[in-house]
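Welcome! Here is a short tour for anyone meeting this structure for the first time. Take a look at the picture, then read on.

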Amino acid sequence: MSMLAASEPLTVLIADDNMTDRMLLSSIVRRQGHRVLTASDGQEAVDVFAERRPQLVLLDAMMPVLDGFEAARQIKELAGESLVPIIFLTSLTEEDALVRCLEAGGDDFLAKPYNQVILAAKIKAMDRMRRLQATVLEQRDQITRHHGYLLNEQRVAKAVFDQVAHSGCLSSPNIRYMQSPYALFNGDLLLAAFTPYGGMHVLLGDFTGHGLPAAVGAMPLAEVFYGMTAKGYGLAEILREMNAKLKRILPVDMFCCATLLNLNFQRRVVEVWNGGMPDGYLYRSESGEHVPLRSRHLPLGVLSRASFQEKTEVFSLAPGDRLFLLSDGVIETANDDEDLFGVERLERVFELNRDPTRLFEDVQAALGAFHGESRDDVSMVQVEMVEPGELEPPATVYSDSGASSPLNWSMTLELRGDTLKRFNPLPYLLQLLQEIHGLRSQSGALYSVLSELYSNALEHGVLGLDSTLKRDAEGFAQYYEQRSTRLNHLKDGYVRLHFMVQPEGRGGRLTIDVEDSGQGFDPHQVMSRSPEEEGLSGRGLKLIRQLSDKAQWSEDGRSASVEFSWGALA
Amino acid sequence: MAVNADYSADAKELTINIKGRFDFGSHQDFRDAYERVDGSPQAYKINLKETTYLDSSALGMLLLLRDHAGGDTAKVKLVNSSTDVKKILAISNFDKLFEIE
């Protein structure tokens with residue numbers, strides 16, 4: 001505040017019933033360069049104040065009609081939030097009278113007889129206080145205004161984001177989640193989508209930082225997640241793309257911790273990738289066991305394309321099993337004593353749980369009991385393993401007319417050696433098959449069958465993996481270990497996919513033949529296995545039979561043929 | 001929170017000491033510690049002996065230093081971390097980028 005401003009003339013109200021005193025004081029104040037208003041009793045003082053709004057009031061305590069104390073109270077009330085300093089003029093010397101002056105809202109007092117120097121100093125000091133208060137109020141209003149803008153911007157940004165994330169399936173009956181509506185601005189991100197094969201992808205992410213910077217990276221991440229999931233890409237390809245994209249667009253010190261899940265309800269497996277998130281859990285409802293889903297990787301957006309690791313872990317699941325993911329806000333929830341909720345307390349909830357359907361509520365209740373209120377960076381999600389077909393993925397909306405639907409063609413795609421290691425042909429095949437309008441109503445079944453056929457040809461055929469290994473959890477882990485090792489060492493071998501589309505009457509038929517370079521198997525024997533023998537191993541062949549119109553295997557088990565037909569389009 | 005830096009006797013290694021909480025509040029001090037030094041150190045040592053807490057923005061700052069020191073060829077060592085700090089570094093798998101002692 002400049003000196004100039006401090007010496008600006010003020011309008012000062014002087015209220016005193018003694019005319020001599022009033023005139024004396026008026027002339028002193030005027031000489032000091034201020035404008036003066038006068039009143040001869042308390043009521044007049046209040047009236048003049050209401051009408052002229054002086055900036056400072058000198059008030060005699062003892063006045064007729066309305067005394068100084070009551071006048072001060074009314075003036076303060078009229079002044080509202082802005083500070084109008086009141087200096088009591090008093091010949092009172094008793095302590096409690098002076099206290100009454102201050103209690104009535106007086107800011108200072110001046111004893112009679114008046115000392116000009118002291119009066120000038122007090123007016124100056126009061127003026128400083130008045131200006132300070134005005135500045136504070138102005139800044140407060142400014143902050144309120146800016147906060148309003150910020151909230152509005154967040155609302156708009158969130159609305160845009162919700163549009164990007166609209167295709168999500170967080171409302172699916174097998175998903176429970178808890179997240180602040182503005183979690184996005186804490187960098188928390190929760191996404192879920194059905195795969196074209198009838199499975200589900202889930203992502204829980206946590207960007208470094210807060211506010212807009214944390215939210216900015218969420219948009220491209222969500223787009224990659226939904227776009228690639230819908231096109232039939234697997235976790236490995238999605239992860240590579242997300243990492244590369246974030247690495248390219250984010251500054252060096254920003255990254256995104258994330259856990260991704262790929263649930264396959266048909267095969268009853270979940271694929272997990274955790275980079276930098278706290279342990280998630282696989283809760284087995286049969287045994288009550290909770291298996292940690294540990295962070296094995298650096299967060300997304302840190303490593304270059306070349307050094308990024310998309311290796312996932314695979315776990316077997318039974319219907320009713322639950323996957324539980326959480327942000328660090330859960331573990332770092334603090335109580336009044338600044339103790340953290342911590343991993344031990346969380347795991348204790350899992351141990352004490354007797355009813356798996358109440359697991360999510362139990363965790364919520366434990367957090368509530370610990371802290372009382374929830375922080376806005378607490379995100380948790382629980383995904384339940386269900387029987388295939390129990391969930392109904394929404395119908396895909398196609399934008400084309402169907403007039404160009406190709407109905408008479410065939411194609412052979414042969415993938416050899418090295419290509420089998422990293423290349424996933426399914427998204428490309430899906431895109432092609434999607435052009436056949438007659439098949440769209442059964443696209444879920446078609447894609448499930450195609451992915452099943454391809455996995456079988458690669459895993460049991462080319463890699464020679466024994467599906468009976470998957471009978472128990474231990475063998476299951478072994479199976480995926482072997483899959484990864486053998487794939488790494490793969491030199492030759494092939495998977496050949498042949499597609500033929502033929503018109504039939506007003507409909508048509510698609511035939512898919514899949515052949516591989518493996519040893520083959522005895523299809524009769526595999527088909528006749530009892531469920532006990534099968535355990536966790538492939539229900540693959542039966543599934544293919546169920547979902548396709550016709551399915552058969554060659555005697556040597558090295559090639560499979562399935563058919564999908566459709567009638568006239570409505 | 002306090003950040004200071006000193007050179008090894010042969011002036012080849014810069015040690016940055018971080019006291020108290022290592023979070024966004026230390027951003028400027030941490031950057032100054034390696035950007036405003038004379039000479040060009042060949043290696044860096046982050047002494048976390050008196051670091052009580054480390055959050056994700058601190059991890060971001062470590063990435064900035066690594067980038068400054070040459071990215072994949074950078075020699076950045078994190079030393080003397082407490083159990084809690086080690087846990088955070090382990091969850092993020094930062095041992096894949098930094099030598100942690």
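## A proline in a loop

Pro113(A) sits in the loop that joins β5 (108-111) to α6 (116-164) of chain A. The peptide bond leading from Lys112(A) into Pro113(A) is cis, and its omega is near -10°. Please keep in mind throughout that this is a predicted model.

Another loop of chain A, the one between α3 and β3 (56-60), holds Arg53(A). Although Arg53(A) is not a glycine, its phi is positive, at about 50°. As background, most residues other than glycine have a negative phi, and most peptide bonds are trans.

## Chain A as a whole

Stepping back, chain A contains 19 helices and 20 strands. Its C-alpha trace spans about 125 × 55 × 45 Å along the principal axes. The radius of gyration of chain A is 38 Å, whereas a compact globule of 570 residues would have one near 25 Å.

How is chain A divided into domains? The domain assignment gives domain 1 (3-136), domain 2 (165-384) and domain 3 (409-566).

## Where domains 2 and 3 meet

In chain A, the C-alpha centres of domain 2 and domain 3 are 30 Å apart. The two domains touch: 12 residues of domain 2 of chain A are in contact with 15 residues of domain 3 of chain A. On the domain 2 side of this contact there are 4 nonpolar, 5 polar and 3 charged residues.

## Two helix pairs in chain A

Helix α3 (residues 42-52) of chain A packs against helix α4 (residues 68-79) of chain A at an angle of about 15°, with the axes 9 Å apart. Are these two helices roughly parallel or roughly antiparallel to each other? An angle under 35 degrees counts as roughly parallel, and therefore α3(A) and α4(A) are roughly parallel to each other. Their crossing is right-handed. From α3(A), the contact uses Gly42(A), Ala45(A), Val46(A), Phe49(A) and Ala50(A), which meet Gly68(A), Glu70(A), Ala71(A), Gln74(A), Ile75(A) and Leu78(A) of α4(A). Sorted by class, that contact has 7 nonpolar, 3 polar and 1 charged residues.

Further along chain A, helix α14 (residues 426-433) and helix α15 (residues 443-462) pack at an angle of about 145°, and their axes are 11 Å apart. α14(A) and α15(A) also have a right-handed crossing. Which residues make this contact? Leu426(A), Leu429(A), Leu430(A) and Leu433(A) come from α14(A), while α15(A) brings Leu446(A), Tyr447(A), Leu450(A), Ser451(A) and Tyr454(A).

Chain B has 3 helices and 6 strands, and from the N terminus on its elements follow the order β-β-α-β-β-α-β-α-β. The radius of gyration of chain B is 12 Å, close to the 13 Å that the globule rule gives for 101 residues, so chain B is as compact as a globular protein of that length. Its C-alpha atoms fill a box of roughly 35 × 25 × 20 Å along the principal axes.

Finally, how do the chains come together? 13 residues of chain A are in contact with 12 residues of chain B. The side of chain A that touches chain B has 6 nonpolar, 5 polar and 2 charged residues.

Technical notes
Residues numbered from 1 in each chain as written. Chains lettered and ligands numbered in written order. Predicted model: local features only at pLDDT ≥ 70, side-chain atom pairs only at ≥ 80, totals over all residues. Domains from an automatic or database assignment. Contact = placed C-beta atoms within 7 Å. Nonpolar A, V, L, I, M, F, W, Y, C, P; charged D, E, K, R; others polar. Axes fitted to C-alpha atoms, helices over the stretch in contact; angles between N-to-C directions. Helix = DSSP H or I, 4+ residues; strand = E, 2+ residues; numbered from the N terminus. Parallel < 35°, antiparallel > 145°, perpendicular 65-115°, else oblique. Left-handed = near helix turned anticlockwise from the far one by under 90°. Rg over C-alpha atoms; globule rule 2.2 N^0.38 Å.
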